[in-house]
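Hi,

I am passing a structure on to you, together with some notes on what turned up in it. Please open it first and keep it beside you while you read.

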Amino acid sequence: MNMKAYVSLLEVCTDVKALKHLHAQILISGFDKGVHLASKLVIKYSEGRSLIDARLAFNQIYQPTASLWNIMIKEYATKGFCNEALALYCEMQDAGIQPDNYTFPFVLRACAGLSSLQAGKAIHYHIIRADLEADAFVGNALIHMYVKCGSLEDARQVFDKMSERDVVSWTLLIAGYVHIECVEEALVLFHQMRLTNVIPDSVTLVSVLSACAYFGDVEQGKQIHAYITKCGVDSDVFVETALLDVYAKCGSIDIANQFFEKMLRKDVVTWNAMLGSYAKSGHANKALMLFNQMQMFEATPNSITMVNLLSACAHLGTLHQGRGIHSCIIKRGFEYDIVVGTTLIDIYAKCRAIDIAQQLFEMMSRKNVVSWSAMIAGYAQNERANDALVLFNKMQLADVKPNSVTMVSVLSACAQLAAPQRGKWIHGYIIGCGFQSDLSVENSLLDMYCKCGRIDIARKLFDKMSKRDIVSWNAMITGYGMHGHGEDALDLFNQMQRSIKPNHITFVSILSACSHTGLVELGWQYFHSMSREYHIIPNTKHYVCMVDLLGRAGQLDEAHKLIQDMLLESDISVWGALLGACRIHGNTQLGEYVAKQLYDLEPENAGYYVLISNIYAAAGRWDDVAKVRDLMNVKGLKKTPGYSSIEVNNKVHTFLVGDRSHPQSRKIYDMLENLAGKMEEAGYVPDKKFVLHDVEEELKEHMLYSHSEKLAIAFGLINTSPRTPIQITKNLRICGDCHNATKFISKIVQREIIMRDANRFHHFKDGFCSCQDYW
């Protein structure tokens, strides 16, 4: 067989195994030294995706031509072997072969694949020396390399120097600007492109539409839509999906849906875009219905589909539907996808099924920072702050670096525990990791210090912030409110309006601040100004604040009338606020009426039964107390136990009423007995009406001394240095007797005692409380 015959056989050979057999015959025949035949072998091995064999064949060629070098460099670069491509380029130069306009684009592609700006700039210098910078193919490759390496400034310089720019040149730079979120620059560039009469392709249009979607500019999107229709490229499924995404992300869900229905061709990306838009805009039921429709059209869902569906279930907060999607995920084999697994953790956490979320997390074979962050956030959202902090420690031991989202959840956990020592440690960690300039982290630090009783540190952080958004102002105003600094909250609100417009959350914070400081008239003024001056329609939370404000001030009839006059349907939160006010002021008659409303609205909520029971107990109506408790037993309802906690040496200690389980229990009760004598000498008289049980008077006094607040204070006095502040957290409203007793204790021991209950902070010092006995 002659060389021509071997060449003909190589032309038709498509199987790598057959190719190797033919290669062996060529070696035996001695024709392997022929450049033409050897070159064909290299090309065929490359086409057959056998790079190792292609390289072996290449190495056997004596003095390969420039085209063969280019083929090998191209194959390495396009198949992701970027280091090998660059090494071969260096060998090419050493062999004295001059690279050309076909060599450099693939060498630059290898630099882009490695994100090596240094190597890319070195190749750029070689291009200049070879006088190939003006070549369009090379110029586009340079733009692509600089964009991929994150150097848009260099990419723009190359673009501006190009004498001729084709659609690829414009598209690469536009896409680069979109990628780094310089969307305005991308849109300006697109308009310049149109003025030069360069017709955009579908890739250009998808990039520009992505910019519109990011910018939320629906009008710009509509203009581009009209332009696309004029150009006749609107039938491209990728462009149509990008248009759909623009309308959806700009809030025009109805237009997006109409556009979706008119599309003749839909791929899985299209279905996902519509599903995702429904899920993110709160139309969760529509998302689930669309998924059923997707299956009817026999469109194959992917992992993104599952994530969108789970997001929809998370919005609904329905565990049943979440379980249904979970089952579908298992059937389709997506349970091992890390993004799907993380989203499952998120939905179970949001549906209050935190134990299932924990099991899923522990079963994950691969976990990334998002997985860890989702589980930490889940614990924090479900009031398992200790578990969140423990998991954060495990995350560090696993050598997984947290991100800003992780730190926001960790700070939330510290805030829940009112653990300032841990909070300060986390603050130091944040500075060490470089997250302190992240606005969401700064806002979380503000919130944490406010909720940990350190309003002074929170204000210092607030004043040092280089940038503040509405969340920053709201956090600080809320902090002042919960600490009873109503005037400071209102002053900050006035400062805020010079630079930023208040939103509905701001007014919740302001009305709450008025409530905690008894500023009834001002509260009314702010409530009415919402709609009159700021065009904000009051929602349920604003009405709750107003009912609370009026109720605390003893204006129970006005609070009741406000509920009756509500433009919204009254729910459990507003009636709950009124029942709490009835408890404070001992209004049994109105309390019974309000309790009836609450029983009808939420019959399984034990808290309201407990409140009316306490109202009866305070009035001495023990038969009615017994009836309420019997009713709770019949319904299987249990009272949330009151507890108080204190952080000492980075450990949180928790106490229940009458608790004797703590290792230092004997010392704690000895300390309380010692304090009791000194308090009575100072004029303290136990207020037995706060014992909500029908027992002997002597036993009532004994029960008062074993309240969880007092146990936590005694523990703090034993285990902290003299004169240092003691900080307590109570999960319920502080008992009236404990409030009075703590004032006496603060004066006797000469310590500031900071107590955070379910509603606000109390700062006890020298026998006085910051709330001025208004809480």
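This is a predicted model: local features need pLDDT of at least 70, side-chain atom pairs count only at pLDDT 80 or more; totals for chains, interfaces and linings use all residues.

Residues are numbered from 1 along each chain as its sequence is written, and side-chain values use heavy atoms, with hydrogens and water left out.

**The helix pair**

H36 covers residues 588-601 and H37 residues 606-618; they pack at about 165 degrees with their axes 10 Å apart. Here the axes are lines fitted to C-alpha atoms, for helices over the stretch in contact, and angles run from 0 to 180 degrees between N-to-C directions. Helices (H or I, at least four residues) and strands (E, at least two) are DSSP runs, numbered from the N terminus. On the H36 side, the contact (heavy atoms within 4.5 Å) includes Ala595 and Leu598, and on the H37 side Ile612 and Tyr616 are among the residues involved.

**The sheet**

Which order do the six strands take? They form an open sheet, E2-E1-E3-E4-E5-E6, with mixed pairing; two strands pair if DSSP finds at least two bridges between them. E2 (651-656) and E6 (768-769) are the edge strands, each with a single partner, so one side of each has no neighbour in the sheet. E1 (residues 643-648) runs antiparallel to E2, and six bridges join them. Within this pair, Glu647 sits opposite Val652 of E2. Helix H42 (residues 736-749) lies across E4 (753-756), E5 (761-765) and E6, at about 35 degrees to E5.

**Two residues to look up**

Apart from neighbours within four places in sequence, His427 touches Leu445, Tyr449 and Leu461.

Glu184 belongs to helix H12 (residues 183-195) and is exposed, with a relative accessible area of 55%. Its C-alpha atom is 8.9 Å from that of Cys212, a residue 28 places away along the chain.

Happy exploring!

How values were computed: Buried means under 20% relative accessible area, exposed over 50%, partly exposed in between (1.4 Å probe, protein chains only).
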